[in-house]
Amino acid sequence: MQIRPRCKTTKRRLWHFHGGLKLAEHKESSTGRPIARAAIPSRLILPLQQHLGEAARPRVAVGERVLKGQLIAAPHGPVSSPVHASTSGVVVAIGHFPVPHPSGLAAPCIVIEADGEDRWAELPPPMEDYRKRDPAALLERINDAGIVGMGGATFPTGVKLDPGPEHPIKTLILNGAECEPYISCDDMLMRERARRILAGVNILKHILQPKQCLIGIEDNKPEAIEALCTEVTGHGVTDIQVVTIPTLYPSGGEKQLTRILTGEEVPRNGLPAQIGVVCHNVATAAAVADAVLDGKPLISRIVTVTGQGIGEPGNFDTLIGTPAADLIAQAGGYTDQVARLILGGPMMGFTLHTDAVPVTKGTNCLLAANAAEAPSGEPARPCIRCGECARVCPARLLPQQMYWYARCKDLEKVQDYNLFDCIECGCCSHVCPSHIPLVQYFRYAKTESWAQEEEKRKSDRARERHQARLARLERLAQERKARLRKKKAVLHKGDAGGEGAERDAKKAAIEAAMKRVAEKKATQKSQPRNMENLTEAQQRKLEAVDARRRNAAARKDPEAEPAAQDQE
Ligand code: SF4
Ligand code: SF4
């Protein structure tokens, strides 16, 4: 029996989106008991990429002691998000570990061995006076706290809250639709923490200054509607409207919810901000309140653990980095019916290859399904062109055409059919009578297109670097040539005016030296030699030298006085 909320929600006109499906909900098994606090695991595995954009870079080393809430990996690039330690302990590894991803591949993670003390690091001061603060200061706090979209998209919240002056925001939408079967974490959060959500909504309003603020909740969540209405009306809030919307999958899609609440269509390949709308998940709003009012980074989230393969399904307030196996053990462990472990719901989730993967910021549900809940899938048959997939597609796409080109690996063509407008809701696969796993083809095509795009970006960057290097070498060569030309010009100028003077200077120096020698000789000739202190032998030797000199001079000049013979 469905409970009707006693509180009156806002009556306003609602619009339909194209397609969609009525699905069995399977939410009651996990909403029967309050949110439980999951125990601190012995080891936390924190992936560096828990968000869309660039992975964070480690700021700690193996062996380092960390405190709860301490920054352990910093954002890198304009679209990135930091990672914080979820508890106190010691960093025991930084390396590749299994992460929740359809590929099943490992990715860089920081592993912390918990010390059990759960001791907080010093947190930034609360900003209770946020209404007096500049929105830029609040955005900085939200970015620093590592908050990302918690509905599963994991886009950094601070980036989304800054659409730029060219996109003034008219409508702020809070997404409480939670339309996928089995998942109930947002429902339980709205029931139990409505006040925190509203605190976050008020902060978002202060940042965006929208004209209206709407909280959209599917009518299958009467307790959540009641809790939020009570908070809104109880505090005399008039500028926030709680709006009940019909239960129809996938009304929780950002573009679909925008259409339901405003009647406006988000442009193809565009964002809601382009039509003046920003949409955030209710859990994101609560995380914003924690960051701004308490200074707490995003280190935990509510996770639904459910399915026939789980002993005691429920919702758990879980530290980010807790291994799925630990959380499942706290939910009563596996039953003997378990056939498949899915991360997310049965429509948009994907099979996990191991339960060693950690809970991340985007983990909303662990579904341990039995064979009936997750049929192993009949073999795909050829497309019969029935058009059912296009009829249910909420993005108004042509899945059969996209499938055809994705299968042929014609990525350009599949993009021409607006591949990136596909929200991977799984409606097309669900209704396909040929059991073609259409969404898997679309995911593959997206991944390949991104990889090609990345490859192209890399080669563009390499080409730019190469061209810049060539330009630099050319510039250096030109500079060298210019320097040589300048040097030659100086030398040439020296030849023209300076060599003669140099030659004259040398000649003058030689002449001066010769003059000095001649003067010395003349002095020696004119000075009588002091022979008194010489020995007799020395005197004779000197006289012999003098005689030889005079004889030599006489040979040159016959008029000169012959010496040696005279003396002898
Ligand atoms: S629903 Fe399946 S069989 Fe029908 S048109 Fe689409 S892909 Fe083909
Ligand atoms: S998965 Fe994509 S193509 Fe299929 S129905 Fe959903 S939006 Fe359309």
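**Ligand shells, strands and helices**

Helices α13 (427-431) and α14 (438-497) each contribute at least two residues to the shell around ligand 2; helices (H or I, at least four residues) and strands (E, at least two) are DSSP runs, numbered from the N terminus. This is a predicted model, in which local features need pLDDT of at least 70 and side-chain atom pairs count only at pLDDT 80 or more, while totals for chains, interfaces and linings use all residues. Residues are numbered from 1 along each chain as its sequence is written, chains are lettered from A and ligands numbered from 1 in the order in which they are written, and side-chain values use heavy atoms, with hydrogens and water left out.

Around ligand 2 are Cys393, Pro394, Pro399, Cys422, Ile423, Glu424, Cys425, Gly426, Cys427, Cys428, Val439 and Phe442 (one heavy atom of the residue lies within 4 Å of the molecule). This shell has 10 nonpolar, 1 polar and 1 charged residues. In this classification Ala, Val, Leu, Ile, Met, Phe, Trp, Tyr, Cys and Pro are nonpolar, Asp, Glu, Lys and Arg are charged, and the others, Gly among them, are polar. The residues surrounding ligand 1 include Cys383, Cys386, Cys389 and Cys432, and its shell divides into 7 nonpolar, 3 polar and 1 charged residues.

An open sheet of 6 strands runs in the order β1-β14-β13-β17-β15-β16, with mixed pairing (strands pair if DSSP finds at least two bridges between them). Its edge strands, β1 (36-37) and β16 (350-351), each pair on one side only. Within the sheet, β15 (residues 340-343) and β17 (residues 365-369) run antiparallel and are joined by 4 bridges; Ile342 has Leu367 of β17 as its bridge partner. Helix α4 (residues 185-192) lies across β13 (300-306) and β14 (314-319), at about 125° to β13.

Elsewhere, β5 (residues 71-74) is joined to β3 (residues 57-58) by 2 antiparallel bridges, with Arg57 opposite Ala74. β5 also pairs with β6 (residues 83-84) in the antiparallel sense over 2 bridges, where Leu71 is partnered by His84.

Helix α5 (residues 194-208) packs against helix α6 (residues 222-234) at about 55°, with the axes 9 Å apart. Axes are lines fitted to C-alpha atoms, for helices over the stretch in contact, and angles run from 0 to 180 degrees between N-to-C directions. The two helices are therefore oblique to each other (under 35 degrees is roughly parallel, over 145 roughly antiparallel, 65 to 115 roughly perpendicular, and the rest oblique). Their contact (heavy atoms within 4.5 Å) involves Ala194, Arg195, Ile197 and Leu198 of α5 and Ala227, Leu228, Glu231 and Val232 of α6.
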